[in-house]
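Hi,

Here is the structure I promised to pass on. Have a look at it first, and my notes follow below.

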Amino acid sequence: MNHSRCFDLCCTLVTAVVLTPWAALAQPVTEQIRSRLEVAQTERNAERPARQPAARTGLRYGVDDLLLEGGALPDAPEADVLGSVRASAFVLWQPDRTWEWRAGVRLDGATQSGDAADFTRWRADYGDTYVRWRRGDTRLTLGAQTIVWGRVDAVPLIDRVSRVDLTRFLLDDLPQRRRAQLAARWEQTWEALKLDAVALPVFRGAEMPHLASVWSPINLFSGEIVGIAPSPALAAIVTNAVVDSDASTRGNGGGAVRLTRTGDAFDAGLTLARTRPSLPYYRFDALTPSLKAVHPLQNFGGIDAEWSDGSVTWRTELGFTSDVPVTRADTSMAKAHALEWVGAVEFFPGGRDTRVNLQVVARRVRIDGSILELKRYVGVNGEIASSFAQERWRAALRFAAGLNVRDVYLGPKLSFVGWEPHEIYLAGHFFSGEARTLGGFHRDHDSVLLGWRTRF
């Protein structure tokens, strides 16, 4: 693929996506728009376990996620084809409205073939497995839980207690990119206020892809690490290094509290956390040589808000993180401070079956001296999704683009959903960008995938 041409096309499409829909904001507010906003918000709330209503009593069981996917890598030097399998099953018993018992298990398979990076791997893991007690406005949960905090899509800054699933990079929506981990959780509601407190007694890092996978954050063939400026000296270390892929860290994972207020048209939240980041930082040891996955404790403070004027919903998050690991020019690890902001807008132009979600992200790392990572990043991302043919078909475009650096991702997807609960889809993922960006790191990993998802 001609990446320069791809980049020009990406910029044109992203510009059209960002600017064109704003004309629809001037249209009068209709009942249909209000209805669709309510439906979208209901679906969003359902994805966050902390906001789910009490389940009905009795025994239930099933498979809540089954995925089969395969496709081609037309440009990758490591492999030609890849495939994924994912299955999550559960048993839920609620003898009454007070107690709830849940056990979950998941199976993941990944394969890649066609060149030097051939592999097949199967892994089993626990899913949400917990005991929950509720009475009145109090809810206590103990066990393995999937907890996702945040108001914005794709990149919520206040998502500080979840466990990341990076095995498929960013190909899935946010709920599918998170896994259960051991936690003690207390949720308390006082009318419009809600307190959500989480303790992580045992830390468990992100689920990482196989080191030979094209989605690994370390490319053993080119000697690159995602987010790090490449160089011949660095490549020589990486290609010969022993990588500690065990993402576990001794000790606890820390804890966090979140206080939110819900109003008629304005919601706000405050989050304070001292936790370990789920994603690893790879610390260099040039003498061994080796790369050691570490997860240092970080302090975080963040505020967020959401409001709606009936036709448009606005969301924002602002966060400050201390002790962020970064890499100096001599490959030694240092710690910095990071200030991050996300602003988002969601609307349904023309009152049709189309949803537009646009986000602006900004990140600033503060540290004395030079580092191999970007100190400043500003970009846009989002999704446009629409249904047609009596809602039996859905078309969507996910996108991201850097504004201060060249960094482009395009993810078109066409789905047939006429056989509910099944979804059959054809999706593409295309990357382009400069060094130290996600698009640049995956510039040779464009893929075209055919998949099937269901639940029963």
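Before I go on, some housekeeping. This is a predicted model, in which local features need pLDDT of at least 70 and side-chain atom pairs count only at pLDDT 80 or more, while totals for chains, interfaces and linings use all residues. Residues are numbered from 1 along each chain as its sequence is written, and side-chain values use heavy atoms, with hydrogens and water left out. Strands (E, at least two residues) and helices (H or I, at least four) are DSSP runs numbered from the N terminus, and two strands pair if DSSP finds at least two bridges between them.

β13 and β17 (residues 290–294) run parallel and are joined by 3 bridges; Asp244 has Lys292 in β17 as its bridge partner. The loop between β16 and β17 holds Pro289, and the peptide bond joining Thr288 and Pro289 is cis, with omega about -20°.

Other pairings

β10 (residues 193–200) and β14 (residues 254–262) are antiparallel, with 8 bridges between them, and Leu195 sits opposite Leu259 in β14. On to β15 (residues 266–275): β14 pairs with this strand over 9 bridges, again in the antiparallel sense. Ala256 faces Ala273 in β15, and a hairpin of 3 residues connects β14 to β15.

β26 (residues 447–454) is worth a look too. β1 is joined to β26 by 7 bridges, and the two run antiparallel; Leu67 stands opposite Arg453. β25 (residues 423–433) also runs antiparallel to β26, with 7 bridges, and there Ile424 has Trp452 as its bridge partner. In the loop between β24 (407–416) and β25 you will find Pro421, and the peptide bond from Glu420 to Pro421 is cis, with omega near 10°.

Cavities

How many cavities of 30 Å³ or more are there? The count comes to 7. The search uses a 1 Å grid over the protein atoms alone: a cavity is a set of points where a 1.4 Å probe fits but cannot get out, and lining residues have an atom within 4 Å of a point. Points are joined across faces, edges and corners, and the volume is the space filled by probe spheres set on them.

The largest cavity has a volume of about 290 Å³. Its lining has 29 residues, and Ser84, Gly109, Ala110, Thr167 and Arg168 lie nearest its centre. At least two lining residues come from each of β1 (58–72), β2 (81–94), β3 (99–113) and β4 (119–126). By class, the lining splits into 10 nonpolar, 8 polar and 11 charged residues (nonpolar being Ala, Val, Leu, Ile, Met, Phe, Trp, Tyr, Cys and Pro, charged being Asp, Glu, Lys and Arg, and polar the others, Gly among them).

Single residues

Arg86 lies in β2 and counts as buried at 4% relative accessibility (buried is under 20% relative accessible area, exposed over 50%, partly exposed in between, with a 1.4 Å probe and protein chains only). The side chain of Arg86 makes a polar contact with that of Asp65 at 2.7 Å. A polar contact is a pair of N or O atoms within 3.5 Å; within protein, one must be able to donate a hydrogen and the other to accept it, and residues adjacent in sequence count only if both atoms are side-chain atoms. The other is Glu187 in β9 (residues 181–190), buried at 3%, with a side-chain polar contact to the side chain of Lys194 at 3.3 Å.

For backbone checks, Asp323 in β19 (residues 312–327) has phi near 60°, a positive value in a residue other than glycine, and is partly exposed at 23%. Thr331, in the loop between β19 and β20 (333–347), has a positive phi as well, near 75°, and is buried at 17%.

Lastly, Leu372 is in the loop between β21 (354–366) and β22 (376–388) and is buried at 16%.

Cheers

Conventions:
1 Å grid on protein atoms, 1.4 Å probe; cavity = no way out; pocket = protein on both sides within 12 Å on 5 of 7 lines; lining within 4 Å.
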